[in-house]
Amino acid sequence: LMNRPLLHNSRLPSAYLLVLGLTLGVQAQKPGTLLWKFHHPVASSPAIGTDGTVYIGSFGGWVSTAILRRISSWKQSPLLKSGSSLFALDGKTGKKKWAFDLGGGEGLTPAVGSDGTVYVGPSDKSIFYALDGKTGAKKWEFKWNRGSRNRSMVPAIGGDGTVYIGTGFTVYALDGKTGSNKWEFTPGHHVRSTLAIGIDGTVYIGADKPDRKNKFYAVNGITGKKRWEFPSSTLNPTLSTAYSSPAIGSDGTVYFGSMDYNQDSNYLFYAVDGKTGKKKWEFETEDWVTSSPAIGADGTVYFGSWDGIFYAVHGSAGPADSAWPMFGKNAQRTGRLVDVPRRLDDPDLKLLVSRVLSVQGQITIQAVGELRNPLETVELEFSDDLIHWQTQGFQLPINLPLNFPLTQDVQFMRAKRIRD
C-alpha cells in the first residue's frame, strides 16, 4: 500500500486541490478580517470542542437596536421570554448547530469534558446542566436549594472527570457521568471566584464571609476537606479577598487578584504557596484586581486592574500541568479538558485493595496476574488525577497479599511490573 502512487486514486487530485484551496484561502485573509458573526448578546467566555465547535452562553430576553450599534443600545425585548441559552456554533462558519434553553437571565461560561460533554448553568437559577456536545440533548441536571446562583458557577473539571462548581454558598463536586454529588464544601458565605485545580488534585476557592474575614481556601479534591485557608490582612474587609479566579504555576504557586489594600492604599495581587497557603509575595496596583490571571510558558503572569493598567509580572514557573490550572482551563481559554492517553503496561494485571480493619491506617494490597517468572514483583504508583503518577518505593510479589501503611491521601493506585 505504501508503494502505490499518491495520485493513483482519480478522486485524490480534486480533493487535494480543494483542501489546498481552502488552506490558501484562510492564509490569504488579512489578520483582523471578520470571518463570521453571530447575533446574540454574550457576556460569558466561549469554550471550544475538539472538532472546533464553539459553545457560548447568551443573555435571555434581550435584543439589539442594530442601527445604533453600541452596547447602550441593548434593551429588553417583550418578544423573548425563553431566558438564556447555550449555543453550539460551527467554528468555521458561525452556523448554529443547536441551542439549549437554560431558562435564566444569563448563560455562563461553559466547560467541555474529555468525552465532549458540555457543562453549563444560568446565572440566576439553582440548576446546572450536562449536555451532549453533538446534539445538545440533556444528559443530567443538578439542583440545590440554598443560595442564589452567581458568576462563580463556571465549572472546573478534574482529571477523573469530576466537575467542580461554586454556587452562592457552596462548592459541589459532581460526578461528570451521572451528576451525583460526591461532596460539598461550605466556606461560610459567597463563593466569589471560579475554581482551579492543582497538580495533586487540590481545589482552590476564593470566598467572602458574613464576619467579613474573607478567605482563600485549598480543599482536598477527593474528600472536600479543607487543607488550608489564606487569611485576609485587608484594611477594607467588606470586599472579597479573592474575586479573580486563581491560576497555578508548575511549582505549585497559586496566583490571584483581590480587592485587598494595604496601609499605602495600594491594592494587592498575591502569590501563595499551594501546599501551605503561606504568602510568597504580593504585587501592588492602584485599584481592584478582579481580572483572572493567565500564566505564560516562560512563567510570566498576566492580569489587569481597575487602575487602567494591564500588567505582566515575572512569576516563578510556567503553568501547572494539571487538569484545570486556571480560568478557562489554559491560557488559550479553550474551556476543554483533554483526555490524556494512559499507558496500559499490564492489561492482565489487577490490583485488589481492602482496608485492614484491625490495624488503623493500613490497607491490604494484592496484585493479581500471571507470573512470568517465580520471583516477579510489581511497584505501586499513586495519582490524584490519573495524569501524574508517583512512586513511594512500595514493591510486592504478584498474587501475594501484603499490608501497607496508608501514609498519603490519594485517589488512584496502579501496579506496574518491575522489569530487569
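Biologist: How many bridges join strand 2 (residues 54-58) to strand 5 (residues 85-89), and in which sense do they run?

Modeller: Five bridges join them, and the two strands run antiparallel. V54 has L89 in strand 5 as its bridge partner. Strands are DSSP runs of E with at least two residues, helices are runs of H or I with at least four, and both are numbered from the N terminus. Two strands pair if DSSP finds at least two bridges between them.

Biologist: What should I know about the model and its numbering?

Modeller: This is a predicted model, in which local features need pLDDT of at least 70, side-chain atom pairs count only at pLDDT 80 or more, and totals for chains, interfaces and linings use all residues. Residues are numbered from 1 along each chain as its sequence is written, and side-chain values use heavy atoms, with hydrogens and water left out.

Biologist: Back to the sheet: what is the strand order?

Modeller: The order is 1-2-5-6 in an open sheet of four strands with antiparallel pairing. Strand 1 (47-48) and strand 6 (96-101) each have a single partner strand, so at these edges one side of each lacks a neighbour in the sheet.

Biologist: Is S58 buried or exposed?

Modeller: S58, which is found in strand 2, counts as buried because its relative accessibility is 0%. Buried means under 20% relative accessible area, exposed over 50%, and partly exposed in between, with a 1.4 Å probe and protein chains only. Leaving aside residues up to four places away in sequence, S58 touches, among others, H40, F87 and E106; contact means heavy atoms within 4.5 Å.

Biologist: Changing topic, which residues touch the most other members of the largest nonpolar core?

Modeller: F128, I165 and I205 do, in a core of 29 residues. Strand 13 gives the most to this core, with four residues. A nonpolar core is a set of buried Ala, Val, Leu, Ile, Met, Phe, Trp, Tyr and Cys residues joined through side-chain atoms within 4.5 Å.

Biologist: Which way do the residues of strand 12 point?

Modeller: V163 and I165 point one way, Y164 and G166 the other, and all are buried.
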